[in-house]
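Dear colleague,

I am handing over the structure below, and after it I set out what was found. Please read the notes with the coordinates open beside you.

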Amino acid sequence: MLLAVFLILISGSGIVTAAEISVQPGDSIQTAVNNATSGDEIIIKPGTYTENIVIKTDGLVVRSESGDPENTIIKARSSGAHALSVQADNVRISGFKITGTKTSYTGIQLSGCNNCIIENNKLLNNGYGIYLLSSRGSTVSNNIITNNGDYGIVLASSTGSTLSGNTVSNNNGRGVHLGTSDDNILSGNNIASNGISGLYICPRSDNNLVFNNYLVNTVNAEIKNGTGNAYSTEKTAGKNIVGGPNLGGNFWGKPDGSGFSETAPDTDGDGIADVAYSFENSIYADSLPLVYVAEKPVEGPTPVLPIANLEASLTNGHAPLSVRFTDLSENAVEREWDFDNDEKTDSIDKSTVYVYATPGTYTAKLTVSNDNGTDSKTATITVTEKNEDNLGDSGTGNNETVSNETMGAGIGSNGTGEGEVVDNGPENSEVAGDGSGNNETGDSVSEEGTGSEDGESSSGGSSHSSSSSSGGDGGSPESAKNVEAKEISQVFITNGKEVKFDFVNNATCVVSVGFDAKKTAGKTTTVVEVLKGKSSLVSNLPSDEVYEFFNIWVGNSGYASSKNIENSVICFKVEKAWMQENRIESSSIALNRYDDEKWEQLPVTILKEDNEFIYFTAESTGFSSFAITGKANTFSENVTESGSEPETRSVDQKNTKSTGLTAEMSEQVKSMSQRFEILSGITGLLSEWIEHIRDWAKF
C-alpha cells in the first residue's frame, strides 16, 4: 500500500505542494513513480523489489528509507532492459543495491538528463554498472560498482559531470570509460582489479580533469589523446587518496606491486614522485604522480574470492541421461546452475539432478559468487542415442512386460525387473514400471507395441534437489530401490491460473495435485512415487497405521516454494478393504507431510467414495515425502462405561449395525470351528492307526 504525506512549501512564486510517498515490499516502485509529481520524494522501505523502473518526471527523489543498499534491493525483472532508467532532469537516486541486467543493459542509466545525482548505491552483476548517455551536469558519487560486465561506469556524449568517491572494481571490461565526453572531473575514485583496463579516454573526449584517483589494474590507462585533458592538478597541500600530504596527480599501481607509483623514487618525501608518469602511445602524462610516503600504509585483509568447483555423477550415456551435479566450490555465497547452455538459471541448489532427454553435447556451467567476485566451472555432458539392440521386439502386438531399461517412455530402471507399456492419458500422464534399479524420467514416449522410441524435439530436461539425498542417479532424491511405482503428469503453468496435475492411470494412491500459480513456469512435470517402505529421506515413522508412503516432486528444483505457488491441494484415495481389515474408520484417515525433520499432520476432508475407495483431499504447504495413516479401533473401545460389565454382542449379522466388526468376528468364529473339525478328524485317524498297530502286535 502506497502512503503519501503532503508537505506545503512556500516559495517566491507561491505555495508548492510536495509529497512523501512511502513504498513497502509488495508495492510497485514504478506505480509510485507514475503517481508522483515534480518535487515529490519516494521513500522505499527495506526489501527486494523485482521490476524495471523508468522515471520520466523531473525533480523526483527516489531513495531507500534506511540508506543501506544491502537491505533495499532492486532486481531487474527483465535482464534485457535497464533496471532503473532516468529520462528526466534533477532526479536523485540514493541507497539501493541494483542487480540483474545482462549484456548492454545497465543498473542505472541516465538518458538525456541534466543535473541528476546518483549516490550511495551498490551496482553488481549487471551488463553495465552506471551509464550516462547524452547527459549534462550529473554527479556520480560514493557508489560501489563491482562484478559487472563490459563497464563499471561509462559516459557517452556526456559533459560537465563529476565522478567522485566511487569504488569501481572487479568488472569484466573497463572500470571507467569516457567516449566523446567533455569537461568532466574524475577525483577520489578507487579503480582496481578490472579486467581490460582501469580508465579509458577516447580521442574525441576533451578538457577532462583526472586527479587524486587510486588505480591498481594490470592495465591502468588507455589514453587515446584528445584535446585539453589533464591528469594532475596543481600541487596543493592536503591529504591525498593514499594518505600523502599533497594533492597532485594519481596513484598508478599494479596488483603484483610493480606499478609506477610503487617503485618510483620520492627523495623529498612529499608524496609526489620525482619524475612524471607517461602514458603508453599517448601525448599525455601525469606530471605529479602520487607515491606512498615513508612506508606503505597497513592494508586491509586480502579479499577472499570464490573458487568454483563441481562434481558430475556422469559425463556421458544414452538418453534419457540423469546426472547429479554437486557444488564443491570454496568461499561461495550464491550459486547458479545452467545445465544446457541456454544462459538461463536452472537451479540454485547445492546438489541437484538434471535429466537430459535428447541426445547432444551439453556444457553444464556452475557460477558462484561472493561480495568480492565471481567464478565459474564447466563440465561437458555427452548424451547419445539409445542402443538399438536394447529396444523391444518390433511388431504390432501389445508388449505386456518389457525390461525397465527399454521402456519407451524413458521412465524405467537401469537395473532389472518388469515394467509395463506406458499409457499416455489425456493429461500426458505416464506410469513407471516396478523395477529394482534407478528410476529415470525422460521425455520420449513409446509407440504402442512397436518397441521403438519417438523422442520430443525439445532438449529440455527436469531437475530435482535435496539437501540430504541418498538416491541413485534418477530424477528424484529417493533411493531407487525403494520406489514401487511412479506416475508423472505434465501441464503448462501460467501466472495467476489454477493448476491441476491429474494422474489418470491409477498407478498410485494420488489422484491429483493442484495449486494456484504465482509465477509462470511453462511446461512443468509433477512426479508421484509410491514407496515400498519408509522414504530414505526421512528419519522416523509417523504415528498410527500406515497405508502408503509416497513422494511428490513438482517442477524443477526450487519452483514449488511459497513465492511461486499457493493453496496447494492433494487428492488421494484409500482402499475400503484395507480400512476394514485393520478396523480403521474413515474419520481417522490423515495425510502426514515430512518437513523440517518431523511429521506434520495435514487437515483432511472426505471428497467422495465408490465401491473400492474413499477419496480425500488435504491442503499442504509444500511437496516432499508423505504418509497416509489411520487409527485402528480396538476391542477395548467396545466396552461400556468404567466399572460396568462388557456388553454382549451377537455375531449374527442380521441383529447388528456394526457390520464391519461383526463380520470379522463371525469369520473368526467360523475359522475356529473349521480348525476344530480338522483337529477332530486327525484325532480320529490317529486312534484308528493305534488300534491297527495293537492288532498287528498280537500276531
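In this model, the backbone nitrogen of Ile272 lies 2.9 Å from a polar atom of the side chain of Asp270, a polar contact in the sense of a pair of N or O atoms within 3.5 Å, where within protein one must be able to donate a hydrogen and the other to accept it, and where residues adjacent in sequence count only if both atoms are side-chain atoms. The model is predicted, so that local features need pLDDT of at least 70 and side-chain atom pairs count only at pLDDT 80 or more, while totals for chains, interfaces and linings use all residues. Residues are numbered from 1 along each chain as its sequence is written, and side-chain values use heavy atoms, with hydrogens and water left out.

Asp270 sits in the loop between α2 (260-263) and β30 (277-278); helices (H or I, at least four residues) and strands (E, at least two) are DSSP runs, numbered from the N terminus. Asp270 counts as buried because its relative accessibility is 11%, where buried means under 20% relative accessible area, exposed over 50% and partly exposed in between, with a 1.4 Å probe and protein chains only. Apart from neighbours within four places in sequence, Asp270 is in contact (heavy atoms within 4.5 Å) with Lys235, Pro245 and Asn246.

An open sheet of 9 strands, with parallel pairing, has the order β4-β7-β10-β13-β16-β19-β22-β25-β29, two strands being paired if DSSP finds at least two bridges between them. At its edges stand β4 (47-50) and β29 (251-253), each with a single partner strand, so one side of each is left without a neighbour in the sheet. Within the sheet, β10 (residues 97-99) and β13 (residues 122-124) run parallel and are joined by 2 bridges, and Ile98 has Leu123 of β13 as its bridge partner.

Elsewhere, strand β46 (residues 498-502) pairs with β47 (residues 510-517) in the antiparallel sense over 5 bridges, and Phe501 stands opposite Val513 in β47. Val499 and Phe501 form the covered face of β46, whereas Glu498, Lys500 and Asp502 form the uncovered one.

Most residues other than glycine have a negative phi. Thr180, in the loop between β20 (174-179) and β21 (185-187), has a positive phi near 50 degrees, and Asn567, in strand β50 (residues 565-575), has a positive one near 55 degrees. Thr180 counts as partly exposed because its relative accessibility is 35%, and Asn567 counts as exposed because its value is 53%.

With kind regards
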